[in-house]
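The stops below are in the order to select them.

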Amino acid sequence: MKKIISRLLLFLFLFFADQSILAQEESPVVPLKEILANLSKQYKIQFNFLEDEVKYVSVTRPSSELDLSEKLKYLSNQTGLTFEIINSRYVVITSQKAIAGIHDSIKGLPILLKETVIEKYLASGISKTVEGNLIIKPKKFGILPGLTEADVLQTMQQVPGIYSADETVSNINVRSGTHDQNLFLWNGIRMFQTGHFFGLISAFNPSLSQKITISKNGTSAFYGESVSSVIDISSFPEHIENTASSISSNLIGAQFNSKIKISDNSSFQVSGRRSFTDWANSPTYQKYYNRVFQNTIVTNIENSEISNYHTDEKFYFYDFSAQYQHKISSRTKATAAFIGINNSLDLDQKMTSEGILRTRNSNLSQQNFGGAVSLKTAWNDNNFSKISGYVSYYNLNSRNEAVENNQTLVQQNTVTDMGFRLENSHLLNSDIILNTGYQYNEIGVRNFENIDNPGFSRSIKEVLRSHSLISEAEMYYLDGNLFIKPGLRFNYIEELEKYIFEPRLQFNYKLNQEISVEVLGEQKSQTASQVIDQQQDFLGLEKRRWILADDRSIPIQKSRQVSIGFTYNTSEWLISLDNFYKKVTGIMTGSQAFQNQLEFIKINGNYTVLGSELLVQKNFDRFYSWISYNLSSSEYYFDSFIPSQFTNNFQIIHSINWAGIYDWNNLKIALGTKWHSGRPETTPATNLLDLSNPAKPEIHYNFPNNKNLSDYFQVNFSASYCWNWSPKNQLELGISVLNVLNKKNTISRYYRVNNSNNAVESVNTYSLERTPNIAVKFNF
């Protein structure tokens, strides 16, 4: 019996020992660098790390059934390292030592040693990729001068080459382009409204946004309908996050954001924001009000004679969003998102004339609602597909009861846009990825006007449907130091029977560890644009309306752009220089906001821009600073007008931005200045009017844009502090002051006739006055 038991025990010992050996053979402990090399080839990503952090680390291989995010989570749990997905191409690895501050020179931020990726570009959370795109992550955002929160569209204007000629986020100019020439996407939904308070506040809740990708040139072939830049906002995290919420408020409104982890594979997120400007009058609101309502119908733009006006305004805005993501399997993920944006103004005007009190009511509303769904799957390690669809609805509606007479004018501009997209990525080999796709888009625009005295009504509706085939390749050579991404987009527009080819190119070559050269090029087109029929349209506040190209009087806009840039990047210094040439054809005078002799002339033309953008940034441990300089020359060409060539309305020849930021523990302080040469203006040739038509005297003008306004200068300040009560509970306090010196900058000027004495007078629009703001945010 003893022999039987001993033999049985020996057999069991040998059996389990053999199984243990087999298991070790199946899942041996291997160096982490070997696992990273395999993952890099499998998913076509680049891992960036400090050699000393990983060279002695070994771990069991993750299961092949896991997807990339699950494998990284597994490696993080096994090694204690942090794996951060920067974008679809880059993953940064850091240790707790680095985060704790052992590497003070990088302040807890990784230095990407092997790739041309700039991780701190102007501020924490803003990076530049090898494709030439800018990535903004508000969650990791540091601070910028004049901002209490990570306002996406205000942040854009810190980037060289991006600015707003009138200080608003509803009129963002990229290399002399107009706002409508930019494509704004939120989770794949095209947005036709981007601002609250008529452009002074971004329409996207800063508590929600996860990642914003900005492309000024060399745009991916998957993006169409823009001849300027692309701003792609994604609010979905890379993986399912834990439940967390936040509430915050400033002197304009309050907002909330809540993400709920339903299970390990699904989550739901909802956010909302509303102003309290309709029942509370804060100092910040009053400054915004003074800026928005100057020189509009609210202050009687139609009649320059002195009138006894009394105006009561009720203005408010809100936005909300909801999104859901579900991980169906280790290889398939589905998402759904919805967004709503609204601005509303109710205006009561009273005027006493000849002892008679007249009361009129006018109102203006502006909304943008949209929804999107997507399904992404990995068929195997080499093939990935995504199918998505969206719908977007925009409505601008005004009702104007003139206090001077009994006339009521109703105006409406609506846009219905829907689209479908199919994408596929195929890993041809370890160096080349082929991306292909198909897009369908249908857009309808309606413009409606009705006047009751005298009776007049007009309604125009247009629809365009387009099909697009996309192909582009991502090629990585010389150990990742050479990156080439050629692309081609082929568009067919049904109603116009028009074929348009749009080649794209991204090229980046790293000469050494610090210096890289970048070449970008693209051709793009768009069929939808904004025009101004009358400066008093929509109460003179939102004058622009969307229209569609008909390839006759309204041409398709097309652009060609090429740029070459150089970057020098170390742990302490960043120097970036971009030189570019851009030409846009098919523009109309109505889209360029003319307020001179071209205001009522409808002709088509083009513009060209030649410029350079320089950025120098220096890190000094807890303090970092940057200065940027832009030089550009932009010219219009209108063949049927004399002179046919003159300066672009949105040209800024010289501009300089400087900022200094101090970042220590939970305290952040930012001070910055903006200076640029004045915008062009067209001056009258003489103070005398053309009285050949006494009922409508006219102004004689000099050549268009013959002179510039005075220089613009502004100083901005921000500070924030965070109290960490627990790992989840935080209280943040932020203060900001825009235009600290209260500089009265003239940002535009036009001329009109004073009806009382038939004299020419100028009308100036001034910049925002000194504007303080305070924000409080609680995370829990």
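Start with S258, which lies in strand β17, residues 253-263. Strands here are DSSP runs of E with at least two residues, numbered from the N terminus. This is a predicted model, in which local features need pLDDT of at least 70 and side-chain atom pairs count only at pLDDT 80 or more, while totals for chains, interfaces and linings use all residues. Residues are numbered from 1 along each chain as its sequence is written, and side-chain values use heavy atoms, leaving out hydrogens and water.

S258 has 17% relative accessibility and so counts as buried (under 20% relative accessible area, with a 1.4 Å probe and protein chains only).

Next, select E449 in strand β24, residues 432-452. E449 is buried too, with a relative accessible area of 12%. Show its side chain together with those of two partners: Q411, at a polar contact of 3.0 Å, and R458, at 2.3 Å. Beyond four places in sequence, the contacts of E449 (heavy atoms within 4.5 Å) include V410, F456 and R545.

Last, select strands β14 (residues 211-215) and β15 (residues 230-234), which run antiparallel and are joined by five bridges. T213 has D232 of β15 as its bridge partner.

Note on methods: Two strands pair if DSSP finds at least two bridges between them. Helices (H or I, at least four residues) and strands (E, at least two) are DSSP runs, numbered from the N terminus. Buried means under 20% relative accessible area, exposed over 50%, partly exposed in between (1.4 Å probe, protein chains only). A polar contact is a pair of N or O atoms within 3.5 Å; within protein, one must be able to donate a hydrogen and the other to accept it, and residues adjacent in sequence count only if both atoms are side-chain atoms.
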